[in-house]
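Hi everyone, thanks for coming.

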Amino acid sequence: MAVEAERGWRAGQEDEVRTEQADAGEAAGRRRYVRRFFGDYVFSSLTKRIAILNLAGLVAMVSAILYLNQFREGLIDARVESLLTQGEIIAGAISASGAYDPDALRVDPEIFFKLGPGQSLSPTEEQLGVVDFLINPEQVAPILRRLISPTRTRARIYDRDGFLILDSRHIFSRGQILRYELPAPGGADRNVFERAWEALRLWLRRGELPLYEEIGADGGRSYAEVDAALNGSSASVVRVNDKGEMIVSVAVPIQRFRAVHGALLLSTQGGDIDSIVAAERMAILRIFLVAAVVTLGLSILLASTIAGPVHRLAAAAERVRYGTRARAEIPDFTDRNDEIGHLSRALRSMTRALYQRIEAIESFAADVAHELKNPLTSLRSAVETLPLARTEEDRDRLLAIVQQDVRRLNRLITDISDASRLDAELARTEAEPVDIVELLETVVSLANEMRREDQAEVKLTIAKPASPSDYFVIGHDTRLGQVVNNLVDNAKSFSPADGTVHVSTRRVRDEVEIVVDDDGPGIPVENAHRIFERFYTDRGEREAFGNHSGLGLSISRQIVEALGGRITAENRISSGDKDGTPAGAVLGARFVVRLPAAS
């Protein structure tokens, strides 16, 4: 029982360990997924660039708003208008509460005795000048305090000589409790950053605003606006104090009966306008922060729709590059009508073409090995049998076999080399306009000049072109000449000695058509699909085995398709209306090449 209990306890411990390991594995998998998600999508290079560019545009816009906006200028203009209106109201109240000295105007009684009948007496200019309108500080101070106290505006009253009569800073009511914010001991109430900011703001504004200075009680006319008000017109000036804060000052004349008796100077407190502008800018910054968060989220979302598929496409391309076992599949995003969908479509097509090329190379290598093995086997047998030959006739026959196999090997190696480097040569060589008429005339002329007596004659027929450029195609004259020469040689090899190989060309819409007809037995129906395969040849007993490598038509199709054209083969069928040939009889083979016209 003890042993069984111990075994159960150990099994339980092992189950707990396995459970812990499984939990740890799941947690590690989740951490890897999170790291991969943030590494591939959130913090990928593309995501960073998209986010930085979007945020840079937003920052530039907000910076322009904060620096170049018209809010501050509009606020200053509104403040000036408000101070002017307020100043005119206060100046009217002051002028209405003022008094004049009745003893200032005195008339000599003796003057009345000197007046004649119908004469009257009026004060002269000199006499009117002595009438003194009095601004009594004791009467004006309560009015000024009631009108100024609801606002954060400083008011000063100057007499006609620019002497300070009253300052709202020094008007106190009975029972009023005053509170002042005293600086910290040692003047350390502002840190280095605040002092630097004030110095920078003062330096920036000194170029466009005059510096505000406190002037003594007898220097009122030193203020330009006060001097203008004492001359009868209202004026305003915007200044900056030593902290870089703006101060708006407005001076209004105090008049009675159109006579200026003083000036009222209203000015804002330092920092009033700046605090409003700062509040507005803080609101803009808060909006900017919200917009930045939204922009960042949208950038990550946008980048995930780009970076994610691109990352998957890149990973699939890497698997294609390093894959050695199964065929790697490129992710399918072709349903997207954007650049990602186009890229996926292009990569899938490229990968498909790559695998087809690999398969073609494998098939070509197998075909080459098979075709080379046949003459090598025959050559080996002939060489091994040659020492055993007893008669001269047997030895000559074996030597003929050796020579034939060597020629066949040489032909195979030449054609294989030509076929293997054909793609690279077509890719490297620049395509140029080629005159098909001139090319066909050259090939047909050479074929007839080199024709043997047992070979058919080659004839050329050219349809009349509508313009001289109708028979121009974009390609390589050497390779196109090789295509026509291969087709003509093939037709000559199948045509009887008294037959004819007909070569013709014409313009068919946007293509140039080349047709090569022979008078041979035609193409076997059962092997029609193999006519363009590598190393395929079916000549029956017309020629000795091994005289043709079977690569001519395959190379011709490769060249034509590389130039964007197509080549087909079919049998020419008799209609039974001439030469007594029954209807449906095969008259020979026909090869048709169509190439895109240059114009």
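First, the ground rules. This is a predicted model, where local features need pLDDT of at least 70 and side-chain atom pairs count only at pLDDT 80 or more, while totals for chains, interfaces and linings use all residues. Residues are numbered from 1 along each chain as its sequence is written, and side-chain values use heavy atoms, with hydrogens and water left out.

When I say helix or strand, I mean DSSP runs (H or I with at least four residues for helices, E with at least two for strands), numbered from the N terminus. Two strands pair if DSSP finds at least two bridges between them.

Take a look at strand 3, residues 153-159. Strand 3 pairs with strand 7, residues 259-268, in the antiparallel sense over seven bridges. Three bridges join strand 3 to strand 4, and those two also run antiparallel. Strand 3 and strand 4 form a hairpin with four residues between them, and Gly 162 in the turn has a positive phi of about 85°.

Is His 170 buried or exposed? At 60% relative accessibility, His 170 counts as exposed; the cut-offs are under 20% relative accessible area for buried, over 50% for exposed, and partly exposed in between, with a 1.4 Å probe and protein chains only.

Now the rings. The structure holds one aromatic pair. The pair is Tyr 212 and Tyr 223, and it counts as stacked because the ring centres are 6.5 Å apart and the planes are at 15°. For the record, rings of Phe, Tyr and Trp (its six-membered ring) pair if their centres lie within 6.5 Å, and planes under 30 degrees apart are stacked, over 60 edge-to-face, and the rest tilted. Both residues lie in the loop between helix 7 (192-206) and helix 8 (224-230), so the pair ties together parts that are 11 residues apart in sequence. Tyr 212 is buried, at 13% relative accessible area, and Tyr 223 is buried too, at 3%.

Seven bridges join strand 11 to strand 12, running antiparallel, and Arg 506 has Glu 513 in strand 12 as its bridge partner. The loop between strand 11 (500-508) and strand 12 (511-517) holds Arg 509. Arg 509 has a positive phi, near 55°, in a residue other than glycine, and it is exposed, with a relative accessible area of 69%.

Strand 12 is also joined to strand 14 by seven bridges, again antiparallel, with Val 512 partnered by Leu 595. Strand 13, residues 566-573, pairs antiparallel with strand 14 over eight bridges.

What lines the largest cavity? The lining residues are Ile 436, Leu 439, Leu 480, Val 483, Val 484, Leu 487, Ile 514, Val 593 and Leu 595. Helix 14 gives the most, with four residues. The lining divides into nine nonpolar, no polar and no charged residues.A cavity here is a set of points on a 1 Å grid, over the protein atoms alone, where a 1.4 Å probe fits but cannot get out, and lining residues have an atom within 4 Å of a point. Ala, Val, Leu, Ile, Met, Phe, Trp, Tyr, Cys and Pro count as nonpolar, Asp, Glu, Lys and Arg as charged, and the others, Gly among them, as polar.

That's my tour, thanks.

Technical notes:
1 Å grid on protein atoms, 1.4 Å probe; cavity = no way out; pocket = protein on both sides within 12 Å on 5 of 7 lines; lining within 4 Å.
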